[in-house]
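Please look over the structure shown here, and then work through some questions about how its features get their labels.

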Amino acid sequence: MNSQVRTRFAPSPTGYLHVGGARTALYAYLFAKKHNGQFLLRIEDTDQKRFVEGAMENLMKSLKWLGINWDEGPDNGGPHGPYIQSQRNDKYTAAVNQLLENGYAYKCFCTQEELDEMRRKQEARHEAPMYNRKCCALTKEEVDAKVAAGMPFVIRQKIPEGMIVIEDLIRGKVRFDSKSIDDQVLVKSDGFPTYHLANVVDDHDMEITHVIRGEEWLPSTPKHIWLYQAFGWTPPQYAHLSLLLNADRSKLSKRQGDVAVEEYIQKGYTQEAIINFIAFLGWHPGKGIEKEIYSMRELIEDFSLDNVHKSGAIFNLEKLDWYNWQWRRRKFLEEVEANPLNRKAILLKECEEYIAPEYKTADKEALLDRALKTVEEKVIQDPKPVNDYIKFYFVAPQFKPDIVYSEKMKVEEATVKQVIPEVIATISELSEEQWTEENIKVALVGIVAKLGLKNGQVFWPVRAILTGEQFSPGVFEVIWALGKRETLSRLTNIHL
RNA sequence: GGCGCCAUCGUCUAAUGGUUAGGACGCUACCCUUUCAAGGUGGAAAUACGGGUUCGAUCCCCGUUGGUGCUACCA
């Protein structure tokens, strides 16, 4: 035994990596790395009914993408393998036999119907639904006879009497009375262990020193401690994390938005932003520190369980958006700084998926160059993905009344009907040699003066029609980049 | 119902016996830019309630209320 810190993330593979799970994994990872320890990944797949094809691979992919890497796990192995519970059944069988021999567990032959009936009666009497220990009273001969007769059974933990106090790293002392704790099923009738048994056996075997897990496990922690005692093992330290919440403060659920990390990946959020965001959902560097942008390296440096919050945090997307653009800008600037001559290539990489292949050919190169030029500043200024800033150059947008007509800018339908023909006429007069941003600006300002309108009443609708976007590069640069022909075509094709 | 956990701006949070209760997101006003965004300077916005302890409670204790988790042969 060594004193090295070892933590683990132990998800059950039911499909995807939940953002709440990602946060739990992150905290366990940060804690281990902060103390130069190890972080392990273990798959808890003892419930055969919930098996989902490919879920484990999916989970590992998301975790890796986030930069949460494990020192030991199903794919890279380690000294305490296998790291998949369904492959460790012999260990659980050996452990539970030891419990049976020493009287810490017993076989239970009660059927589902009997249990249901018992609970119904208990509830009718307003009692806590708990197993009545009927089978605990069976003699060894009775048990052997039932087993010999082929009766199915489960193995239950015999909960001892008395109070138990658990020392939680986040919550302090938490007391439980064993009277309120049920004789937990340890091994199901299909021979597989439940979470409680497998978890304790594995954490001990894998030499886990700190169990960092969700708050939903707090009520069953006494069962786990008693199991350690029954085995004669030293329990690990516990840290129960609060839950992530929906906007209405209920437990974060699929119903009210995206909960899978992969969905955020698909939406274009950066790895750094997601990590930074979930790290701050329930943790803070403390000491009055006001810095909020933290890289993984910095998080490891400053992480401490002492500064983890007890209350649940709402998963607030607006802040994620802000983190995302902070990180996008930071990464873009770093990349450009490292390689200033390659600015165009970096932009191109950012825009790649929105640029149709035909624009990468020589004859379209000019438009692409101009488009990239107008978009350049935006990349480091705006929270939106750069894609949204460039795709309109290559696909003519729909006319969007919601955007074109703006109360704030004092742009109404009548304004647009008045302005657009003027713009078409004026732009048409500009020759090839006159096609500069400056001249376009002069032309539009001329229209403002001529019609006696405010700048925004002319600039806003033109830009909105040309781009179809609420936010975009400036109207002069857009017209310039699009070119005379495309500009006129877009302005002419709208039907007011 | 029983048991457990939690409680500072709308949200994420800082401060902890003595502060004009601080920051960030969002919202908002103005400035900048002859448009939007971005940027700059301001603004509105919180200690759930009731009792204690104390010279003094956001902070410590008790209760109430509210929220939430568990109460499976799920994890």
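What follows is a set of questions and answers on a predicted model.

Q: What makes this a model to be read with some care, and how are its parts named?
A: The model is predicted, so local features need pLDDT of at least 70 and side-chain atom pairs count only at pLDDT 80 or more, while totals for chains, interfaces and linings use all residues. Residues are numbered from 1 along each chain as its sequence is written, chains are lettered from A and ligands numbered from 1 in the order in which they are written, and side-chain values use heavy atoms, with hydrogens and water left out.

Q: Why is chain A called more spread out than a compact globule?
A: Chain A has 20 helices and eleven strands, where helices (H or I, at least four residues) and strands (E, at least two) are DSSP runs numbered from the N terminus. The radius of gyration, which is taken over C-alpha atoms, is set against a globule rule of 2.2 Å times the number of residues to the power 0.38. For the 496 residues of chain A the rule gives 23 Å, whereas the radius of gyration is 32 Å, well over that value, and therefore the chain is described as more spread out than a compact globule. Along the principal axes, the C-alpha atoms of chain A fill a box of roughly 105 × 50 × 45 Å.

Q: Why does His196 count as buried?
A: A residue is buried when its relative accessible area is under 20%, exposed when over 50%, and partly exposed in between (1.4 Å probe, protein chains only). His196 has 10% relative accessibility, and so it counts as buried. His196 is found in helix 6, which spans residues 195–205. Contact means heavy atoms within 4.5 Å, and, not counting residues up to four places away in sequence, His196 touches Gln184, Trp217, Ser220, Lys223, His224 and Leu227.

Q: What makes helix 6 a mostly covered helix?
A: Nine of the eleven residues of helix 6 are buried, among them Tyr195, Leu197 and Val200. The buried residues of helix 6 pack against several elements, including strand 1 (6–9), helix 3 (89–101) and helix 7.

Q: How do you know that helix 7 is largely enclosed by the rest of the structure?
A: Helix 7 covers residues 221–231, and because ten of its eleven residues are buried, it is largely enclosed by the rest of the structure. One of the buried residues of helix 7 is Trp226, which counts as buried because its relative accessibility is 8%. Leaving aside its neighbours within four places in sequence, Trp226 is in contact with residues that include Gln157, Ile159 and Pro160. Trp226 and Gln157 are 69 residues apart in sequence, and their C-alpha atoms are 9.2 Å apart in space.

Q: Why is Asn36 called exposed?
A: The relative accessibility of Asn36 is 62%, and so Asn36 counts as exposed. Asn36 is found in the loop between helix 1 (19–34) and strand 2 (38–41).
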